[in-house]
Amino acid sequence: MARRPDVPPALLERLRPVLTAFPECAEEDAWTGVRWRVAGRTVAHVFGGEDQLFRVTFRAEPDEVMAFRHLGAPYFVVGGNAVGMVLDDATDVEELAELLTDSYCLQAPERLAARVVRPGE
């Protein structure tokens, strides 16, 4: 079985400014890779796969999950309202920031989510 690669520091540096800006959102090591959580709920999880590609998973509104399923690569559906995206040098960082913002607002307690400006507001 192939080994999962560690998440490169440069990739973490692309994600941290978005996720650590959210109220009470904390970074921690995950079973593989790194995750960010709020109130015990995972907002995002970035990790390397056995195929040597890097992915981030996050939460989406139920109606958006179906859209991600139909969009296909680089998106994938994990299950429930968990979806993901394969990351590479061409990843649109602004789009990813919007997806992570939505994920945070879905996972955070209402009092914290209310403090976040969501894209399009």
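**Group meeting: helix packing, aromatic pairs and selected residues**

At 0% relative accessibility, S103 counts as buried, where buried means under 20% relative accessible area, exposed means over 50%, and partly exposed lies in between, with a 1.4 Å probe and protein chains only. The model is a predicted one, in which local features need pLDDT of at least 70, side-chain atom pairs count only at pLDDT 80 or more, and totals for chains, interfaces and linings use all residues. Residues are numbered from 1 along each chain as its sequence is written, and side-chain values use heavy atoms, with hydrogens and water left out.

Let me stay with S103. The residue belongs to helix α3; helices (H or I, at least four residues) and strands (E, at least two) are DSSP runs, numbered from the N terminus. Which residues does S103 contact, leaving aside its neighbours within four places in sequence? They are V43, F58 and R59, contact being defined as heavy atoms within 4.5 Å. Between the C-alpha atoms of S103 and V83 the separation is 9.9 Å, and the two residues are 20 apart along the chain.

I turn next to the packing of helix α3. The axis of α3 (residues 93-107) and that of helix α1 (residues 9-19) come within 10 Å and cross at roughly 45 degrees. Here the axes are lines fitted to C-alpha atoms, for helices over the stretch in contact, and angles run from 0 to 180 degrees between N-to-C directions. The helices α1 and α3 are therefore oblique to each other: angles under 35 degrees count as roughly parallel, over 145 as roughly antiparallel, 65 to 115 as roughly perpendicular, and the rest as oblique. The crossing of α1 and α3 is right-handed, the term for a near helix turned clockwise from the far one by less than a right angle, with anticlockwise giving left-handed.

Which residues of α1 and α3 meet? From α1 there are R14, L15, V18 and L19, and from α3 there are V93, L96, A97 and L100. By class, the residues of this contact divide into seven nonpolar, no polar and one charged. In this scheme Ala, Val, Leu, Ile, Met, Phe, Trp, Tyr, Cys and Pro count as nonpolar, Asp, Glu, Lys and Arg as charged, and the others, Gly among them, as polar.

The next topic is the aromatic residues. How many aromatic pairs does a search of the whole structure find? The search finds three. Rings of Phe, Tyr and Trp (its six-membered ring) pair if their centres lie within 6.5 Å; planes under 30 degrees apart count as stacked, over 60 as edge-to-face and the rest as tilted. For F58 and F68, the ring centres are 6.1 Å apart and the planes stand at 75 degrees, so this pair is edge-to-face. The pair links distant parts of the chain, with F58 in strand β4 (residues 54-59) and F68 in helix α2 (residues 62-71), 10 residues apart. F58 counts as buried at 2% relative accessibility, and F68 is buried with a relative accessible area of 6%. F68 also pairs with Y75: the ring centres are 5.0 Å apart and the planes are at 50 degrees, so that pair is tilted. Both F68 and Y75 are buried.

Some backbone features deserve mention. The peptide bond from A73 to P74 is cis, with omega near 15 degrees, and P74 sits in the loop between α2 and β5 (75-79). E24 has a positive phi, near 60 degrees, in a residue other than glycine. E24 lies in the loop between α1 and β1 (26-29) and counts as exposed at 52% relative accessibility. A39, likewise not a glycine, has a positive phi near 50 degrees. A39 is located in the loop between β2 (34-38) and β3 (41-48), and at 57% relative accessibility it counts as exposed.

T42 and Y104 are 62 residues apart in sequence and 8.4 Å apart in space, C-alpha to C-alpha. H45 is also in strand β3. Is H45 buried or exposed? At 10% relative accessibility, H45 counts as buried. With neighbours within four places in sequence left aside, its contacts are A30, W31, T32, V34, R35, R55, V56 and T57.
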